[in-house]
Amino acid sequence: MAASARLLFRGAGLKAYTANVNSGAQSSFGTTLLRLSPNCSSQTKTQIKHASHFTYHPDPVPTMYGPTTKMNLFQSVTSALDNTLASDPTAVIFGEDVAFGGVFRCTVGLRDKYGKDRVFNTPLCEQGIVGFGIGAAAAGATAIAEIQFADYIYPAFDQIVNEAAKYRYRSGNLFDCGNLTIRAPWGCVGHGSLYHSQSPEAFFAHCPGIKIVIPRGPVQCKGLLLSCIEDHNPCIFFEPKILYRAAVEQVPTEAYTIPLSQAEVLQEGSDVTLVAWGTQIHVLREVVSMAQEKLGVSCELIDLQTILPWDTETVCKSVAKTGRLLISHEAPVTGGFAAEISSTVQTPVHTLNQTDSNLSTMAKTRELCKDIRDKIVDQHKAGMGYRTIGQQLGEKATTVGAIIRKWKKFKKTVNLPQSGAPCKFSPRGASVIMRKVRDQPRTIHRTWSVT
Amino acid sequence: MTQTKPNSHEGCIVLPGALRQQPFDSSEEKPQFPGASAEFIDHLEFIQPNVISGIPVYRVMDRAGQIINPSEDPQLSKETVVNFYQKMTLLNTMDRILYESQRQGRISFYMTNYGEEGTHIGSAAALDSKDLVFGQYREAGVLMYRGFPLDLFMAQCYANADDLGKGRQMPVHYGSKDLNFITISSPLATQIPQAAGAAYAAKRENTNRAVICYFGEGAASEGDAHAGFNFSATLECPLIFFCRNNGYAISTPTNEQYRGDGIAARGPGYGMLSIRVDGNDVFAVYNATKEARRRAVAENQPFLIEAMTYRIGHHSTSDDSSAYRSVDEVNYWDKQDHPISRLRHYMTARSWWSEDNERSWRKQSRKTVMEAFEKAEKRHKPHLDLMFTDVYDEMTPNLIRQRESMWRHIQQYKDHYPLDAYAK
């Protein structure tokens, strides 16, 4: 699956630039998948047949969760499940082939340690696995269901979307299946082709009531998986399969949780915000250093971690600072999750009730954009006072008053052409503006209104 | 399962294919395949599915309410049987009144249970009150038997502020945590694998709790049904599958739904004990469910009960069944083979129920239903905030924003959003 990148610039008439980047192709901003020698030492030169390589960047050793030991991603999953089965007597793990240890070895040793009534195989039926899990969870057990590959989760789509996600809402909170966690291997592995490589998070992101979480490495994986298991909502936990063996970190042996719905800023920067999850984080880490080295561009890298409900605040705050956003994910670009992020980020900020970051258009000096003017009038109609409106939108009360008086008199909020200085740009005027944008693109409304 | 002595094959016990553990020995002229335990056969012969004389229908009473085999009479007390009758007729009365109320535009939708009251009451009575019930949508009698108040039935149909479900679902999607009845959902058969999971959890809890799962013969065609049957059998769950085979799935008759011998014949295919009963015979349903429940919990295995019955009413208020079946057919079942009249004959024969009882009970049940009905009509609708709660256990920031945005919108256009009918 090609990585799809969405590139957004703030300003320049509120038009969004979107650039699709396919694997191997180069763009001027360069999100490429490089052919570097792989970090996995098991690969010899003659075996290099994968098109997509990346360098795994391990997290630093965590110090606040107790003693650690070296684990790869699948071992961190086993460790999380081990902690859960030890502390929660109702916990059960089930799915295809989990009894002998699982096709990715995530459940090795657990059946022997905890018993065959707690770690067991189910028949080959994903809709049954998830349905069974929902029922067990609703009846009070901690149900951890494994779908063998995310590519095969679709038979369970009805159970997930129509049942698990809506259990609590439709019953008026009489019943819920918050005790359910679904785990599935996810994402490109190089040789997986159509049906062992998919990243289906976008299908489920459209479904309120479930949570979707994707870790970038073993430390995150164990903490986030334990959070999902503890969380009182049905969670889908996608595990990047290419990282199962390749990602090795020092992981705490005791149980610990990493909060859901909190994106992590892995690296601060000033020129562009990069957002990704799972494997692409490591690709973007390389992009960050390449951009710095070759283009002198300072990137801020964010790991979204929780796809649903996602941390809009961290991402929007970052984009308000940098003015640009690039999102990279493995799934197809149309309707991919980058579309949700980019559309939310571009929503005029006064509808998000945030007054400290302003993503409005770059307008003429002191002229507010039409959206803000309409908003002022709406809030006035709703009965708010000038000062309150001004405070909410970050404008002076006198400006608000002027706009409202104009509306009352002329029934319009648009500014008609004035006599005097022409408002059409001459080619010379246009190039003046463009030069200003090129030199200092992070112009926001406030800088124009400073005298 | 027994272990075999190493290097010895005498005294091996032949187990059903899935449980074999004996070592392989090709000197024996028996199939050694792990997938099945069987003998060889040397001539080509297809097994004929038997749909002409299929699995027999177990009944206790004949159509006139007479006990056929006295040793099968459960010999329930007069109070119990009268209670059965009253619950069935109360359900019938509630159905009539709510069906009419939909016709008058008071509620949006309704589904009646005409003709199937016997399946509800007979099975509900055979269960423990703490047994978990997963239903489809035509099991209101189970809830009524367990004591769900008329007010709450009405509240759910009217989606008013008293509804336990907070007014979120269409009518007849009942649920009750106190009565261990999982809230109904519209997608068919989704409850079947869920019931298997719940039964597995109940087994692990070891509290003598069974699970029953109701569904129609149409829903049994769904993939989820196959999943549920297979999972419950392989994972050894204390579960009763109760199929109401009422002849129609909306307009689709059974000969377009399946070609085999109904649903009961599928059970053995999954390794499940199965029975077919006369669903219009309350005692047959009672006996079968009682025994199935006892054994399901004692032996940790699922049971399949196919209750043959007939859907006398339309599928729902959105359906007119005269479009696909004759009035004569419906009349036959209504007049000649109805669970309520059969039980009434049984009671009359024992002088447990008279004409006077009938008259006064009908009057009383109509009165209580109408009272609950009128009360429910007057109640407020649920508070608007309840549109946003329970999506997750706690409201997320965007839901909070959306709720605030809704209130701003309503405040701004309050002429278009009259709120008098809603709880404050």
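Predicted model: local features only at pLDDT ≥ 70, side-chain atom pairs only at ≥ 80, totals over all residues.
User: Which residue forms a salt bridge with B:D337?
Analyst: For a salt bridge, a side-chain nitrogen of Lys or Arg has to be within 4 Å of a carboxyl oxygen of Asp or Glu. Here the closest N and O atoms are 3.4 Å apart. The partner of B:D337 is B:R63.

User: How many residues apart in sequence are the parts that this pair ties together?
Analyst: B:D337 sits in the loop between helix 9 and helix 10 of chain B. B:R63 is in the loop between strand 1 and helix 1 of chain B, and this partner is partly exposed, with a relative accessible area of 48%. Because of where the two residues lie, the pair ties together parts whose separation in sequence is 274 residues.

User: Now for B:R138 and B:E116: what is the relative accessible area of B:E116?
Analyst: These two side chains meet in a salt bridge, at 3.9 Å from N to O. The pair ties together parts of chain B that are 22 residues apart in sequence. B:R138 is buried at 2% relative accessibility. B:E116 is buried as well, with a relative accessible area of 0%.

User: In which strand of chain B does B:R276, the salt-bridge partner of B:D261, lie?
Analyst: The closest N and O atoms of B:D261 and B:R276 are 2.9 Å apart. B:D261 counts as buried at 13% relative accessibility, and B:R276 is buried at 6%. B:D261 belongs to the loop between helix 7 and strand 7 of chain B, while B:R276 lies in strand 7.

User: How many salt bridges are found over all chains?
Analyst: Chain A has a network of them, linking A:D59, A:R216, A:E264 and A:D303. A search of the whole structure, over all chains, gives a total of 36.

User: Why is strand 14 of chain A described as largely enclosed by the rest of the structure?
Analyst: A:R324, A:L326 and A:S328 point one way from strand 14 of chain A, and A:L325, A:I327 and A:H329 point the other way. In a regular strand, side chains alternate between the two faces of the sheet. Strand 14 of chain A is largely enclosed because the number of its six residues that are buried is six.

User: Which residue of strand 14 of chain A is the bridge partner of A:V275?
Analyst: Strand 11 of chain A, residues 272–276, pairs with strand 14 of chain A in the parallel sense over three bridges. The bridge partner of A:V275 in strand 14 is A:I327.

How values were computed. Residues numbered from 1 in each chain as written. Chains lettered and ligands numbered in written order. Heavy atoms only, no water. Buried < 20%, exposed > 50% of the residue type's maximum accessible area, 1.4 Å probe, protein only. Helix = DSSP H or I, 4+ residues; strand = E, 2+ residues; numbered from the N terminus. Pairing = 2+ DSSP bridges.
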